[in-house]
Amino acid sequence: MAGVVLPKSSVILEASLYLKEDRIMIPLFSDQGRAQLNRIIRPGVLCAFDFDGTLCPFRGYENALLPDEVRQRLIRLQSMTPVAILTGRGMADIRTRMAFKPDYLVANHGSEGIPGREKDSDRFRKSVDCWDDALKTALADTAQYDRGITLDNKRYTLAVHYRAAADHETTEKQLLKLFEKVAPTARVLPGKCVYNLIPQGSPNKGDALVELMKIAGSKTALFAGDDETDENVFRLDNPDILTVHVEKEEASRAQFYLETQEDIVTLLDVIIETLMANTSALNVNADAPSQKRNGQ
Ligand SMILES: O=P(O)(O)OC[C@H]1O[C@H](O[C@H]2O[C@H](CO)[C@@H](O)[C@H](O)[C@H]2O)[C@H](O)[C@@H](O)[C@@H]1O
């Protein structure tokens with residue numbers, strides 16, 4: 001694993017974006033991208049999306065709401081094929097932001113909402129509460145830590161936001177040091193101005209997508225995301241899963257990228273059109289009289 005830089009820390013830092021590998025992302029709306037869309041977008045395809053930064057632009061922690069133009073297209077898409085949303089937000093939080101009920105809603109980076117995976121919930125919750133208490137106590141020392149650091153206890157994972165901190169670099173270093181001291185040991189998943197503390201053994205978004213494909217009976221899937229937490233899906237490297245990164249990110253394992261977050265609307269339109277075309281092509285073939293063979 002050439003080029004991997006792991007910090008000296010007892011915490012487990014999930015460093016997918018630190019893996020420097022030769023891999024070039026391709027614009028989705030290119031010939032190659034459209035060919036892949038045409039191959040993957042077949043009847044029954046599972047269409048899965050991250051929420052913040054993908055379906056919804058960053059609008060500040062409290063204000064993120066699913067835009068109307070996105071919701072209308074998701075409703076249309078859902079009438080044709082299964083739709084999933086995989087988010088780092090807690091279940092109770094995400095439900096208030098969508099006015100839309102996807103077929104599958106997986107929250108807390110995979111720790112909530114995968115059918116049949118509830119057995120460890122109590123253990124996850126206890127870990128999160130321990131970290132929450134320990135960090136609250138430490139961060140109360142405002143002479144040392146920026147007041148802009150905030151904790152969001154999402155029951156099964158803990159988000160430590162620092163978007164409002166004055167000096168992000170210093171804050172990141174301080175927080176990583178602090179996380180070394182918490183017990184039980186946490187998996188630390190970096191995001192956009194946030195560190196997510198995740199209990200060991202909890203499923204991630206990649207596990208969730210694989211599980212949902214089985215449950216939905218989908219042979220193919222499309223997943224779009226924008227953040228390091230989405231790399232667990234991108235890293236699956238499954239030829240039957242088309243992966244899309246919102247905005248170009250050289251270090252990502254996603255196959256394709258969208259130029260901007262606003263392009264998600266175009267992507268939804270393209271998925272709907274492709275699905276319609278490929279469904280009617282299938283119907284035409286099914287209706288066509290079987291060809292005569294051997295000159296009969
Ligand atoms: O998996 P996602 O749906 O992308 O959720 C990831 C995190 O989203 C939220 O934080 C992010 O959005 C905020 C506002 O839109 C932004 O201020 C913050 O910096 C981002 O990290 C959410 O608050 C977290 O709990 C999620 O883990």
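Trainee: What should I know about the model and its numbering?
Mentor: This is a predicted model, in which local features need pLDDT of at least 70 and side-chain atom pairs count only at pLDDT 80 or more, while totals for chains, interfaces and linings use all residues. Residues are numbered from 1 along each chain as its sequence is written.

Trainee: How many helices and strands does the protein have?
Mentor: The secondary structure comes to eight helices and 12 strands, where helices (H or I, at least four residues) and strands (E, at least two) are DSSP runs, numbered from the N terminus.

Trainee: And which domains is the protein divided into?
Mentor: There are domain 1 (31-116 + 205-280) and domain 2 (121-198), with bounds that come from an automatic or database domain assignment. Their C-alpha centres lie 27 Å apart, and the contact between the domains takes 12 residues from domain 1 and 12 residues from domain 2, two residues being in contact if their C-beta atoms, placed from the backbone, lie within 7 Å. On the side of domain 1 that touches domain 2, one residue is nonpolar, seven are polar and four are charged; here Ala, Val, Leu, Ile, Met, Phe, Trp, Tyr, Cys and Pro count as nonpolar, Asp, Glu, Lys and Arg as charged, and the others, Gly among them, as polar.

Trainee: Where does the ligand lie relative to domain 1 and domain 2?
Mentor: Both domain 1 and domain 2 give residues to the shell around the ligand, so the ligand lies between them. The shell has 23 residues, and the closest are Phe51, Asp52, Thr87, Gly88 and Val194; a residue is near a molecule if its C-beta atom, placed from the backbone, lies within 6 Å of it. The elements that give two or more residues to this shell are β7 (158-161) and β9 (194-198).

Trainee: How do the shell residues divide by class?
Mentor: Seven are nonpolar, eight are polar and eight are charged.

Trainee: Do tell me how β7 connects to its partners.
Mentor: β7 pairs with β9 in the antiparallel sense over four bridges, and leucine 158 stands opposite leucine 197 in β9. β7 is also joined to β6 by four bridges, again antiparallel, with leucine 158 as the bridge partner of asparagine 153; strands pair if DSSP finds at least two bridges between them.

Trainee: Switching topic, which residues have the most contacts inside the largest nonpolar core?
Mentor: That core has 48 residues, and those with the most contacts inside it are Ala48, Ala84, Leu209, Ala221, Leu222 and Val244. A nonpolar core is a set of buried Ala, Val, Leu, Ile, Met, Phe, Trp, Tyr and Cys residues joined through C-beta atoms within 7 Å. Helix α8 (residues 263-287) gives the most to this core, with five residues, while a second, separate core of 21 residues includes Phe124, Tyr162, Leu189 and Ile198.

Trainee: In what order do the strands of the open sheet run?
Mentor: The order of its seven strands is β2-β12-β11-β10-β3-β4-β5, with parallel pairing. β2 (26-27) and β5 (104-106) stand at the edges, each with a single partner strand, so one side of each is left without a neighbour in the sheet. Within it, β10 (residues 221-225) and β11 (residues 241-246) pair over five bridges, and phenylalanine 223 stands opposite threonine 243 in β11.

Trainee: Is valine 233 buried or exposed?
Mentor: Valine 233, which lies in helix α7, counts as buried because it has 27 C-beta neighbours inside 10 Å. Among the residues that valine 233 touches are Phe223 and Thr243.

Trainee: Last one: where is the cis peptide bond?
Mentor: The cis bond joins alanine 183 and proline 184, with omega about -5 degrees, and proline 184 sits in the loop between α5 (168-181) and β8 (187-191).

Note on methods. A residue is buried if 20 or more other C-beta atoms lie within 10 Å of its own, exposed if 12 or fewer, and partly exposed in between; C-beta atoms are placed from the backbone. Lists of a residue's contacts leave out its neighbours within four places in sequence.
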